[in-house]
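Here are my notes on the model you sent over.

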Amino acid sequence: MSDEREVLTYDLFGTATRELAQQVADSGFEPDIILSIARGGLALGMGLGYALAVKNLSVINVEFYTGIDERLDVPIVLPPTPAAVDLSGLKVLISDDVADTGRTLELVQEFCEGHVAEARTVVIYEKPQSVIKPDYSWRLTDRWIDFPWSVLPPVVPGALAH
C-alpha cells in the first residue's frame, strides 16, 4: 500500500453521494430499503436515502477494522441485527464507505441471501483487492483513505479512533 492517502472531505463526500445516487437512478434500480453498514456506511445511506427518495433505512453493524490496516480475522455482525423477515421480498441497496477486502459486504450480502428480492451494493471507494465488486462505486483506489468522520481522534478521553 502506498504511503500516499486518499483524502475525502465533507464537500467531496457530498459530490460522491449525489454521483452515486445518479448511478443508481440511471441503472433503473429502485431500492425499497437502504441497508447501511455501520459505522462507515451510515452517512452514505442517509444521503442516498434523500437523493433517491427512499425513506426506509436500516442499519447492520459489522465490526472488522480495529485500526489503520488492522482487522479481525473475520468480520462479525454485532447486535442488534435487522430481522430477515423485515427485508423479505424487498429490493435492498447495501451501503458502505469502502470495499477494501470486500469481506464486510460479502457478509451482509450473505445475510440478505434468500430473503430479499434483490440486493445491490454501493460504496464510495472500491479497492482492487476486494472480493466483492460493488454494483456502484465512486472511486477506485489502492491508498489508505482518510474519511472526514474518522480522521480526527475522538473527543472522549482515552477512546480509540477505530
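In which crossing, left-handed or right-handed, does H1 pass H2? The crossing is right-handed, meaning that the near helix is turned clockwise from the far one by less than a right angle, anticlockwise being left-handed.

1. Ground rules. This is a predicted model, where local features need pLDDT of at least 70 and side-chain atom pairs count only at pLDDT 80 or more, while totals for chains, interfaces and linings use all residues. Residues are numbered from 1 along each chain as its sequence is written, and side-chain values use heavy atoms, with hydrogens and water left out.

2. Overall layout. You'll find 4 helices and 8 strands in the chain; these are DSSP runs numbered from the N terminus, helices being H or I with at least four residues and strands E with at least two. In sequence order the pattern reads β-α-β-α-β-β-α-β-α-β-β-β. Of the 162 residues, 42% count as buried (buried is under 20% relative accessible area, exposed over 50%, partly exposed in between, with a 1.4 Å probe and protein chains only). Take the contacts (heavy atoms within 4.5 Å) between residues at least 6 apart in sequence: 69% of them join residues at least 24 apart.

3. The helix pair. H1 (residues 10–27) packs on H2 (residues 42–51) at about 55°, and their axes are 9 Å apart. That makes H1 oblique to H2; under 35 degrees would be roughly parallel, over 145 roughly antiparallel, 65 to 115 roughly perpendicular, and the rest is oblique. Axes here are lines fitted to C-alpha atoms, for helices over the stretch in contact, with angles from 0 to 180 degrees between N-to-C directions.

4. Who touches whom. H1 contributes Phe13, Thr17, Arg18, Leu20 and Ala21 to the contact, and H2 contributes Ala43, Leu44, Gly47, Leu48 and Ala51. By class, that is 7 nonpolar, 2 polar and 1 charged residues (nonpolar: Ala, Val, Leu, Ile, Met, Phe, Trp, Tyr, Cys and Pro; charged: Asp, Glu, Lys and Arg; polar: the others, Gly among them). The buried residues of H2 are Leu44, Gly45, Gly47, Leu48 and Gly49.

5. Salt bridges. There are 5, each a side-chain nitrogen of Lys or Arg within 4 Å of a carboxyl oxygen of Asp or Glu. One of them joins Arg5 and Asp146 at 2.8 Å, N to O. Arg5 sits in strand S1 (residues 5–7) and Asp146 in strand S8 (residues 144–146), so the pair ties together parts 141 residues apart in sequence. Arg5 is partly exposed at 37%, whereas Asp146 is buried at 15%.

6. Two further bridges. Asp100 pairs with Lys127, their closest N and O atoms being 3.7 Å apart. Asp100 is in the loop between strand S5 (91–99) and helix H4 (103–112), Lys127 in the loop between strand S6 (118–126) and strand S7 (136–140), 27 residues apart. Asp100 is buried at 8% relative accessible area, and Lys127 is buried at 3%. Glu118 bridges to Arg120 at 2.7 Å between the closest N and O atoms; Glu118 is partly exposed at 29%.

7. Most residues other than glycine have a negative phi, and most peptide bonds are trans. Have a look at the cis peptide bond joining Ala38 and Arg39, with omega about 10°; Arg39 is in the loop between strand S2 (33–38) and H2. Then check Ala53, not a glycine, yet with a positive phi of about 60°. Ala53 lies in the loop between H2 and strand S3 (57–67) and is exposed, at 68% relative accessible area.
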